[in-house]
Structure formats: structure tokens, C-alpha cells
Amino acid sequence: MNPNYLDFEQPIAELEVKIEELQLVGSDAEINISDEIEKLREKSTRLTEKIYSNLSAWDIVRVARHPLRPYSLDYIPRIFTEFDELHGDRHFGDDRAIVGGVARIDGRPVMVIGQEKGRAVKDKVLRNFGMPKPEGYRKALRLMEMAERFKMPVITLIDTPGAYPGIDSEERGISESIAQNLAVMSRLATPIICIVIGEGSSGGALGIGVGDHLAMLQYSTYFVISPEGCANIIWKSTDYAPDAAQAMGVTSAVLQDLGIVDATIEEPLGGAHRNVDLMAERVREHIITELKRLEEMPLEEMLEKRYQRLMSYGS
Amino acid sequence: MSWIDKILPSGVRREEGQRRSNVPEGLWKKCLKCEAVLYRPDVERNEDVCPKCDHHMRIGARRRLDIFLDKEGREEIFSEIEPLDRLKFRDKKRYRDRLSAAQKSTGEKDALIAMRGTLQGLPVVVVAFEFAFHGGSMGYAVGEKFTRAAQLALEEGIPMVCFSASGGARMQEALISLMQMAKTSAVIERLKLAGVPYVSVMTDPIYGGVSASLALLGDINVAEPDARAGFAGPNIIEQTIRQKLPKGFQRSEFLLEHGAIDMIVHRNDMRDTLARLLAKLTNSELSQKAEAEEDELEQDEAALEQEVEAESKPEDE
């Protein structure tokens, strides 16, 4: 198994290996086999298209958690310019599972807040695998309130396996820190755009996820409880996670139908990790378009719309 | 009247056709904490607090509202709100069937009951979670009822009190449930901006999505003694950190010590304490009438006690 490919992608991985081998042969033996390589490449593309046109909810969850999936820190330098990271909640510490700071998009100053899972092992530990503690949500809150004062729109990038379930987290009030963010984001007097870039897990995701516009990347996921957690409760076994994922409707397609998600940003063939630059460019364009729309609206109207939208959830 | 009816105190006797409560009927009740076998009327008179060890037993939403609000002038509100199954959720059973079963067993449409009434004369809007309905979980119906009750409080400028008891967001309504967290938090924020008091009373247990939204956003957060409240359940935390949790973790005393709540209030003192707090927050006086009513109630209770004693006598003879 190639760890850079998920199990349902293994046929693609095998083709890619063949292509690589042929390329090596080609350079060694100086035989012209470019036609053959070209054919295999086409085949690989068609195969990827075929596999990706028919992904189950559970497959999408797994793409969203792919080890090569781009994280906030992969997107931020590609989407924004002049990102200056700001640290700390001013009360307890600096939670590296949430990064935030001021930046520009298309020249316009914005506040960027994103959950970061961390890439290498050491980095994952530093970032607590993207599971924020109360100080993370309070840092986010501090930055959002600052954005309001300086009339900067807020852009949040959601990607977390959930808020951290630990003793210290509970001691410092993880529930309150999330609840407070929900309350304040419902009325923060500046545009808020939220984008689920990977895994949007429950309250931990929502804690930076209330705003005027909610978009999801095509193969990202958003759920109230992880499919494994749901399966464990209902079927008493995580083996049923695929069924749970299907039943809960954890994909942008279902959530857009429910009116919870506003837009789906299309991913490059085979997922965002196959072409990070292209993905980042699409996200950037999406943000610019939505920002323009929101900033043309009178502030009062935008806030009332945000509130009424929250009130309408479920009905 | 058969001999058994004669010895049953009036509080226990049930007429034909009366709605069944969730508690199995009987003259005796065992305290789940100290395991003392208790005389049911004693327990009921003590608002379902164990007279021996002070354990606050779980009580249903209607009982909660009944012991909290003044007897006169209460009215159930937004009872028309019904749960929705927009996802047509199905696991081993259909969610719709699970809902019908819960509705049948509890007699409620969903897990939140709302009433308006008075507390020692002060007008209040009160909501209470019914834990027996799907573990008091919050889906559309709970979120919607809470929100409408809060909007009523906002429009009329009267304080809101919420008694929560919930396992969290209802997973069968998936992201719709999650969004109820944002919805309820948003309306609470409006109460806050308008200066309308919101008191959250946490009763055992409160976890997940309800904890991370409406339960911890009170102007004043109160908990009953020994109630458990937290974001993640103890099992999840133990699995994550691979160590045993300290004694008393996530209990009311823990919450008080770590600054999450303002005070722990005994169930018997709930009315007095909340009335006193709300009167100050709204700069009003508790009415004499309410106090007089209280006295009257106490007299009623004393009379009931005598009646009960008189009725139980034949048993000894």
C-alpha cells in the first residue's frame, strides 16, 4: 500500500508507479516511450475521474483527513500576503492549534484565523493535532474583536478533529470558551467568512464557524459527532463509521441542500493535495467574490441577515 | 375502597386515566446514592432530594417547572413545536420511529418544555430540559423552543431561566443540531445586549453541545449540588489522556472552583435564591403577595403532612 493514497485510490497508485518506472527506463535506455507514458497518464486521469465521481460519504471523510491534505498554514501564504501572526489569549497562553493574524487579500487588510493540525510529527504535537484548548478559542475571540475595532473582515479556516477533550481543557472552561465565540460571532460588526478546508468536527469547528458565509471545499467534511463516535454509540463499534457517515450527511452536497452551507469550492482532480496552488487560488477567488458582496451590503442589513439566518436553522 | 387504597397517601394514589409518570409507582423509593429506602411522600415533599444524604435525584421537566414557578398564573408556551427529521435519518432504526417511541414513553413532543409564569411574583420565562426524552439532546425542536422563549423574554423584557439536563447535540439531526448551538447562543447574546437577565441552572448531567452553548452563557450560572457538567464525557477524556480522572471531576464543586459557575444552589433553595437574584438584576421588589402565597403553601404542606400521617395510620394497626 502506498501511504500517500487511500485504499480506494490504490489502482491510481499502481498506475503512477508504472509511470514512474517507465520514466526511469526511458532515461536509462534512451528509448522513446513517451507515447506509452502519455497513454498511462491519460488512463490514470480517467481512473481518478471515475473513482472521484463516485465517492461515498465515508470516502470523502477520509480524503478530508488525508495525511497530505493541505492545512491552514499551507493555504495562508498562498491566499494572503503580508501575514503577520499574532499570538496569545492574554490570559493563559498561546494555543498553537489555532493560528491567527493580520494579512491582506487582494490588497485589503483582513483578520485570518485557522485551525492547524501540523504536518511533521513534532509539529503535530506542538499543534496538539489541531485540537484547540480554551486559550485557542479565546485567542480567536480576541483577534475577532480586534478585527471589529479596525473594520477588518474575518476569514476563518476550519480544520479540526474537535476541541481537545482533556482535564486541563475542562478546567479552563472549554465549553464556555466555545459558547462565548458563538455568541460574539453572531453579532460581530464586520463580515465573517468561514471555510471548511478539511475536517469540521462538531463544537470545536463551530467555535470559529459562525458568520455571514459558510463554504466547504468539495472533499471536506462537517459533522456534529465523528462518524466513528456516532457508530460507537449506535452500533457499539467503529466498524460502522461508513454507515454513520452516510446517515448523518457529512458532505457539502447534503449540507448545501439543508441550507446550512452556502457554497462548495471545487477541488482539483483527486483532491486538494494533488494541486495545492490551484486549490488555494480557487479559495482566494471565492473569498474575494464573497467579501465584495458582503461589503456592498449596509452593515446593519448584513448583521440582521446573519442573525435571521441563525434563527432559521432547521426549519 | 380496597385496603391498599386506604393506606396509600393521597400523593401516591392515582385516578384512572391520569397520565403515567416516568417513575415506577410505589410507596418506597431507593436513593441511588446512599441506597436508603425512602418513603416516597417524604422524598416528594423534599422536591426529590434524598432526605438522608441530600442527593439531588433527577427529575423531569414538568416536575421541575412545577416546583419552581408560583402555583398561580403559569402557562405552557410554544408547545406546538414538533421535531423534524429533515435528513430522514436511519441507523438500526428510523429516527422517526425513535421519536415516536420517546414521545409515547414521555408524553412530550421533544426534550424541552417552556412556560411563562411568575417566581415569587416576578414575571419569568422558564424552560426545562426533559432528560428522559433522548437524553435531553438538542435538535431542531429544542433549539427552536429555547429561541422562541428567549425572544418572548426579549420582547417583553422579562428574565429567562433555563434548567438544563442534556447529553448534548442530537446526532440524528446531525449538523442541524450543531447549528442550534449557534442559534441559541445568538439569541442569548441579544438578551445580554438588551439587559434582560438570563440565568442558567445546570442540573445533572450536561455535556457536549448544550454545555458549549446555552448552559454556560448565563449572566449567572448556577448548578445543583453534585451535578456533572462538561464538554467531553469522562470516558472520552480517559480514552484520550489514558489516565484516571480525579475524584469530583466535572462536578458542581469542580465547576465552582474553576470559575465556571457563580454558585451551587440546593434544590430546596432554588426558588428563593433565583427570586432574590432576579429581583436585584431587574431592580424590583419581591411582592408581599408572593410571600403570603408562600406561607399559604407551607400551611398547605403542613396540612398534607397531617393528612398523610392520618391516612397511613391503619397500616400500624
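Predicted model: local features only at pLDDT ≥ 70, side-chain atom pairs only at ≥ 80, totals over all residues.
**Exercise 1. Which residues does the UniProt annotation "binding site" cover, and why can they be said to gather at one spot?**

Step 1: Start with the record. The "binding site" annotation, from an unreviewed UniProt entry, covers C31(B), C34(B), C50(B) and C53(B).

Step 2: Now compare sequence with space. These residues span 23 residues in sequence, but no two of their C-alpha atoms are more than 8.6 Å apart, so they gather at one spot.

**Exercise 2. Take C31(B) and C50(B): where is each found, and is each buried or exposed?**

Step 1: Find the two loops. C31(B) lies in the loop of chain B between strand 1 (28-30) and strand 2 (37-39). C50(B) lies in the chain B loop between helix 2 (40-45) and helix 3 (61-68).

Step 2: Check the accessibility. Buried means under 20% relative accessible area. C31(B) has 1% relative accessibility, so C31(B) counts as buried. C50(B), with a relative accessible area of 1%, is buried too.

Step 3: Look at the surroundings, leaving aside neighbours within four places in sequence. C31(B) is in contact with A36(B), L38(B), C50(B), C53(B), H55(B) and M57(B). For C50(B), the contacts are C31(B), C34(B), L38(B), H55(B) and M57(B).

**Exercise 3. Which residues of helix 3 of chain B are buried, and what covers them?**

Step 1: Walk along the helix. A61(B), R64(B), L65(B), I67(B) and F68(B) are buried in helix 3 of chain B.

Step 2: Look for the cover. Elements of chain B that cover these buried residues include strand 4 (112-119), strand 5 (122-129), strand 6 (160-166), strand 7 (198-207) and helix 10 (270-281).

**Exercise 4. How many residues of each chain are in contact across the interface, and how many salt bridges does the rule find there?**

Step 1: Count the partners. In chain A, 45 residues are in contact with 50 residues of chain B.

Step 2: Turn to area. The size of an interface is often given as the accessible area lost when the parts come together. Here chain A and chain B bury about 4,100 Å² between them, and 72% of that is on carbon and sulfur atoms.

Step 3: Look for charged pairs. The rule finds 2 salt bridges across the interface of chain A and chain B.

How values were computed: Residues numbered from 1 in each chain as written. Chains lettered and ligands numbered in written order. Heavy atoms only, no water. UniProt positions renumbered as here; feature names shortened; annotations may be inferred. Helix = DSSP H or I, 4+ residues; strand = E, 2+ residues; numbered from the N terminus. Buried < 20%, exposed > 50% of the residue type's maximum accessible area, 1.4 Å probe, protein only. Contact = heavy atoms within 4.5 Å. Buried area = accessible area lost by both parts, 1.4 Å probe. Salt bridge = Lys/Arg side-chain N within 4 Å of Asp/Glu carboxyl O.
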